[in-house]
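I opened this notebook to record what I looked up in the model.

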Amino acid sequence: MRNGDDQALPDQRPKLQRKVIAAAESQLAKQKYVAPIDVIVALGWLSSSNIDFWRAGRAPYLNGIAVGEDKVAGALVYLAQWAQEQGLERSEVPYAAATRDRRPLQFTESGEPTLELVFRTHLVAPGLSEKKREQIDARQSKVPDLAVITPTKAWDCGTCGRHYEAEDFLLMEDDAPLCMDCADFGHLVFLPAGNATLSRRAKAESTLAVLVMEFNRRRKHYQRIGILVEQEALERAEEKNLADEDIRALRRARDAERRAAGDIDFQAEMAGEIRLAFPGCPAERAMEIATHAAQRGSGRVGRSAAGRALDAKAVRAAVVASVRHLDTPYDTLLMAGVARSDARAQIRATIDAVLDGWATP
Ligand SMILES: [Zn+2]
């Protein structure tokens, strides 16, 4: 018997049950709801980097759980019992992958429906105000940000097959790398991390924002090195952030960097090729398309080996990418959840009409 209060009965509940309840109580106090996967993490069975990898759509199920499915199910039964005793509300939460199709995520290797449902069901504090409940529901069903990575070696795009260098961004999807144009991120521009206010504003201004991650070999995990946002969103954010003088200095520095890299000549050359193929395309637009497509490190078609050789198909691909984003409602369709293939089918006629219009001077 412990010394002290000899009236106290020893806690007869299994150790696992006590640990589950402690984890759940702490989460309920902190965020007013309990998510089963957070309990699994609190039990030390799963790391948050496993969750990140899975939420990014890179794993077929939540692998990396250190114990078997039976043990996990046991812990979740304790959680359910406790939630019932506490009178918590059950709320089924959609778990979507941070992929372009936002597909539903599978938790378990077996995909057993009952266990899947238990994982998806969050337990919410009862009696919250309607407003508070709405806030919590929004936070729970938030889809993680889309993310691209800077690879460590040269690579080939899994969709268009073009060859890219290690500096070019790629999107991993279904275990294949996609270039920025095939991922439909080609119209976005890179904003390096470092100015938190600017990043936050640019992200808020942009219809579509994508994180850029790089593998840190020393720390052995991915870290955020910046974001991709719409050009206009970045400009609006810069304008809010900086005095006019600073904006001009910033843009001068950027132009100088591009010139130093010898990119300007190539971009002019590419614009020339665009005008040869599409004589009706205004000169200014051709330059804009070339500058954008051939930007260093962008992972866009102008940086691919074919693009740099000014291959006719690559030049056309750069033009099509620009028309798709600027002259059709493609991005709006994607944001509204229309599948990529359906969205592409819907806008095909519009793209053809613009290209036909540019085919003659
Ligand atoms: Zn591609």
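**Layout and domains**

I began with the division of the protein, which gives domain 1 (15-140) and domain 2 (146-358); these bounds come from an automatic or database domain assignment. I noted that the model is predicted, with local features needing pLDDT of at least 70, side-chain atom pairs counting only at pLDDT 80 or more, and totals for chains, interfaces and linings using all residues. Residues are numbered from 1 along each chain as its sequence is written.

I looked up the separation of the two domains: the C-alpha centres of domain 1 and domain 2 lie 36 Å apart. Eight residues of domain 1 are in contact with nine of domain 2, contact being C-beta atoms, placed from the backbone, within 7 Å. On the domain 1 side I found two nonpolar, three polar and three charged residues. Here Ala, Val, Leu, Ile, Met, Phe, Trp, Tyr, Cys and Pro count as nonpolar, Asp, Glu, Lys and Arg as charged, and the others, Gly among them, as polar.

For the protein I recorded a C-alpha trace spanning about 95 × 45 × 45 Å along its principal axes. I counted 15 helices and 11 strands, taken as DSSP runs (helices H or I, at least four residues; strands E, at least two) numbered from the N terminus.

**The four-stranded sheet**

I then traced an open sheet of four strands in the order β4-β10-β11-β9, with mixed pairing; strands pair if DSSP finds at least two bridges between them. Its edge strands are β4 (146-150) and β9 (188-192), each pairing on one side only. β9 and β11 (residues 221-230) are antiparallel over five bridges, and I noted Gly226 in β11 as the bridge partner of Pro192. Helix α8 (residues 231-241) lies across β9 and β11, at about 90 degrees to β11; axes are lines fitted to C-alpha atoms, for helices over the stretch in contact, and angles run from 0 to 180 degrees between N-to-C directions.

**Cores**

Which residues touch the most other members of the largest nonpolar core? I found Cys179, Val210, Ile274 and Ala318, in a core of 47 residues. Such a core joins buried Ala, Val, Leu, Ile, Met, Phe, Trp, Tyr and Cys residues through C-beta atoms within 7 Å, buried meaning 20 or more other C-beta atoms within 10 Å of a residue's own. Helix α13 (residues 312-327) gives the most to this core, with seven residues. Apart from this core I noted another of 24 residues, including Ile37 and Tyr95.

Technical notes:
Contact = placed C-beta atoms within 7 Å. Buried ≥ 20, exposed ≤ 12 C-beta atoms within 10 Å, placed from the backbone.
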